[in-house]
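Thanks for coming. Let me put the model on the screen, and then we will walk through it.

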Amino acid sequence: MAYASSASLVKTSCSLDGADASCQSSLPHGLPMLRSNPFLRCVAACVLTTQAWVSCAGADETSLQFESDIRPILKEHCWHCHGEEEKVEGQLDLRLVRFMQKGGETGPAVVPGDAAASLIIQRIESGEMPPGEKKLSADQLAKLKTWVTQGAQTARPEPEKLDRGLQWTDEERNFWAFVPVKRPGVPVVAHQELVRTPIDAFVLKSLEERQLGFSPEANRRTLIRRLSFDLLGLPPTPEEVDAFENDPSPSAYEDLVERLLARTQYGERWSRHWLDPVGYADSDGYTEEDPVREWTWRYRDYVIRSLNEDKPFDQFITEQLAGDELLTPPYEKLTPEQADLLVATGFLRMAPDGTGASVADPNVARNDVVADTLKIVSSSLLGLTVGCAQCHNHRYDPISQVDYHRLRAVFDPALDTKNWRAPAARLVNLWHPEDHAQADKANQEIAEVNGQRTVALNVIVESIFEREVEKLDPELQGAARLARNTPADKRDEFQQTLLKDNPSLNVDGGSAILYEPGKIGEHNKKFDDMLAAAVAKRPPQNMVACLTEVVGQIPTSNVLFRGDVNQPREAVEPGDLSVLGDRVAAIPAKDPNRPTSGRRLAFAKSLTSGTHPLVGRVLVNRVWMHHFGRGIVSSVGDFGILGAKPTHPELLDWLADEFVRGGWSLKHLHRLIVNSTVYRQSSQRTPALDQVDPENKWLARMSLRRLEAEVIRDSVLDVSGCLSDQVGGAPVSVLPDEVGQIVVATGTRDGNGILIGKSDGLGASLNRRSIYVQVRRSMPLGIMEPFDVASTSPNCDVRNQSTATPQSLLLMNSDLVLKESDRMATRIVGEVGADLQAQIRRGWQLAFGEKPDEQTASAAVRLISELTAFYEARLAAAEKKEGITPPPQQALAIWCQSLLCANRFLYVE
């Protein structure tokens, strides 16, 4: 570090009154008196030399500033007690340097230039402050001491007044994620011939700056497998692989992309990528009972349809946030398109919800629903951990507690904790008037049948009673009839004793079957065919789980002290994050042109205006992650201070801008990405490349990626030939099997929720795609759980990618894998016959999309032959030979299982 001499500093200080007055801005703003007195400035210059302060003529780049270097540390560790709350501990406010110099009850916290004399340093080094277990790191303390030693400098004059709460600094307002998206120019690169889409130019620019380049293009077998898994979540068939490999068209690759994007399976695949951050589940969670949500599947189907139709994402977002506000209540006589707008708001009903169950504190349960809903909205659309400001100002990001409750106020009219509606009360019936009329008529018939049933049953009961009365002594028969006809609470002691000593006199409709099983059986049979016929005339239930407002009921929104719903403080109006300032639109408290508050619709329009700094970046980053295994911002749900910085910031902004310009089309974004050279690269690693970029952040190759849990299950079913192509509708249920493993099955539970009967009688539904399997928060499907299924507490921004022993053990022992291995063997034999070489080729193609080489095929022949001999010997020794699978097929099934357990099956290159 270079320091100026004392003479030069004096000269510099004195020159502030002259032509070099611009240097005055370099003096520390923590000492404002120096600016108004030339003599003091001259004296201060000598002191600055002693304290090794940097001269204003040549300030060193390593000088620390309060706003960018120190403020975040104090905000994280100290402000909760010293500045943010109404009561400032020790009368010491640490939010401004001049407050720190003024100090509190024990004196100045900071003495510029003297770290040892500064109380804040003394208290931190002694361990006294901050209280609790969380302390400053060694690096943070060192930075704080250096800053004090350098003179406790600020980057600019501090405000004259600082109200309670936070005032954002220029550094916070200009943090990369909060500034407007600006479309950068596409860079020109040395190897321009490698640029297929603008994406390539941005990536190649970063690579060339590091003396790197693209890897060779992957072969066609690898490319079709990569595309098929990325866009459909399923492996390509051997026939599709052969057709692509032999397609001579120069547009063969692009044509393949279009075919895949047009398939129904595309929406099924990419809906899962949206449902993760949404926190989709078919149950309420929150309590141990984990009640099933009967109608949530409608939202899942809405997402699939929307993605297949390539619904513009701005419309997609708006419908989910405020579909109900695009309609006029009451919600009756809706067309399918109008009903979809209500279904879309299921997005806001995905949070765990215990308010329909018995909970210790209903107010807390309600508050938790709102808090989790905000977490889902903010992480999925804003890419921020807004929930960290629920109880206090965010410790790292420029999000105040007031901001949190302003955002909460957007949803308060629909999630009103003071006038709460339980889940069942939020259902909207989609019946039309004719449906209601049909239901009323059927209900009347049902009531008539039940009335007739009761009358007929009473006749049987009375006949039984009279028969039992006749068994008594004649003098007791009249008393018995009187006792029975007397209300229980009016019976005297004699009557009670009489009925107790003769229990048969207490016969009723429930116990009559013990006396007349034949008559009761005939009675039940008669009135059951009758009741069933009447019930069948009712139209099927047609409900939607959605979010709506009660017209005319807009609650006051308050900041909740420390997040406690029982401690409301000052009122707040709805709004977006204040750090975004006028970069986002204001949200009125009430839209005068709508019967509802209009708050959510205004918020949705602000988010989808095309100028919101966060939304476009967050969405394109998620899409990028699902194509490359890592986002441009790797912390996809956290674009804040502690989140990762973008590896390719210009590319991120270009994609965000292009997404909007391209009509918010997700398929347009896919085309840009998958048609690029960077996407088509081989995943081959090299020692030289690993040394420079072991994490593949700069994308000099394609990353090897493990398939997600759902794709593994779907692929197993697909190659066995058993995957159902049924689309949409209610999910297939899950239940624990005999050993507690969660499987796809139906069953019966008693009143306590205990399983008393299980059935696999689902037919083809048993093998539906995983997107159509019930998501029970308390019962993740056993075949998928070890492979890092999405969290539903409340949502999942990015899935873990673990490699653990239970994964291999599951594939070796799972009933599903064993069953599908046998079915795969049956499929192979059915397609190519008994020729072992042909079986091996077909099996290898089904599992991996390519033919085995000669060495691999020979090894497979030896293995299957040895296994066949083993099973033949076992068959010969068996006493009962009927019903045993032929040894050659048993051996082939074992080999098929080895394919399904292989890394080559579980990973995509």
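In which loop does Pro330 lie? Pro330 sits in the loop between helix H15 (313-322) and helix H16 (336-344). A cis peptide bond joins Pro329 to Pro330, with omega at about 0 degrees.

Ground rules before we go on. This is a predicted model, where local features need pLDDT of at least 70, side-chain atom pairs count only at pLDDT 80 or more, and totals for chains, interfaces and linings use all residues. Residues are numbered from 1 along each chain as its sequence is written, and side-chain values use heavy atoms, with hydrogens and water left out. Helices (H or I, at least four residues) and strands (E, at least two) are DSSP runs, numbered from the N terminus.

Back to the backbone. Met129 and Pro130 are also joined by a cis peptide bond, with omega at about -10 degrees. Pro130 lies in the loop between H6 and helix H7 (138-149).

Now phi. Tyr286 has a positive phi, near 70 degrees, and is a residue other than glycine. Tyr286 is in the loop between H13 and helix H14 (297-308). Its relative accessibility is 38%, which counts as partly exposed. For burial, the cut-offs are under 20% relative accessible area for buried, over 50% for exposed, and partly exposed in between (1.4 Å probe, protein chains only). Asp788 is not a glycine either, and its phi is positive, about 65 degrees. Asp788 is found between strand S9 (755-759) and helix H30 (805-813), in the loop. At 13% relative accessibility, Asp788 counts as buried.

Next, Ser118. This serine lies in the loop between helix H5 (97-102) and helix H6 (119-125). Ser118 is buried, at a relative accessible area of 0%. A polar atom of the Ser118 side chain lies 2.9 Å from the backbone nitrogen of Val111. Leaving out residues up to four places away in sequence, Ser118 touches Ala109, Val110, Val111 and Val148. Contact here means heavy atoms within 4.5 Å.

On to the rings. There are 18 aromatic pairs in the structure. Rings of Phe, Tyr and Trp (its six-membered ring) pair if their centres lie within 6.5 Å; planes under 30 degrees apart count as stacked, over 60 as edge-to-face and the rest as tilted. Take Phe411 and Phe603: the ring centres are 6.1 Å apart and the planes are at 80 degrees, so this pair is edge-to-face. Phe411 is in helix H18 (residues 401-411) and Phe603 in helix H23 (residues 599-607), so the pair ties together parts 192 residues apart in sequence. Phe411 is buried, at 1% relative accessible area. Phe603 is buried too, at 1% relative accessibility.

Then Trp844 and Phe848. Their ring centres are 4.7 Å apart with planes at 80 degrees, so this pair is edge-to-face. They are 4 residues apart in helix H32 (residues 836-848), about one helical turn. Trp844 and Phe848 are buried.

Ring pairs also build a cluster from Trp274, Tyr299, Tyr302, Phe313, Phe316, Phe347, Phe659 and Trp664.

Charges over rings come next (NZ of Lys or CZ of Arg within 6 Å of the ring centre and within 35 degrees of the ring normal). The charged end of Arg680 sits over the ring of Tyr253, 3.9 Å from its centre. Arg226 lies over the face of Tyr679, 5.7 Å from the ring centre.

Tyr253 takes us to helix H12 (residues 252-261), whose buried residues are Ala252, Tyr253, Leu256, Val257, Leu260 and Leu261. The cover over them includes H10, helix H11 (238-245), H13, helix H26 (666-674) and helix H27 (677-680).

On a 1 Å grid over the protein atoms alone, a cavity is a set of points where a 1.4 Å probe fits but cannot get out; a pocket is an open set with protein on both sides within 12 Å along at least five of seven lines; lining residues have an atom within 4 Å of a point. Grid points are joined across faces, edges and corners, and a volume is the space filled by probe spheres set on the points.

The largest pocket holds about 1,000 Å³. Its lining has 48 residues, and the closest to its centre are Phe628, Gly629, Ser703, Leu704 and Arg705. H13 gives the most to that lining, with 5 residues.

The largest cavity holds about 140 Å³. H24 gives the most to the lining of this cavity, with 4 residues.

How values were computed: Polar contact = N/O pair within 3.5 Å; in protein donor to acceptor, adjacent residues only side chain to side chain.
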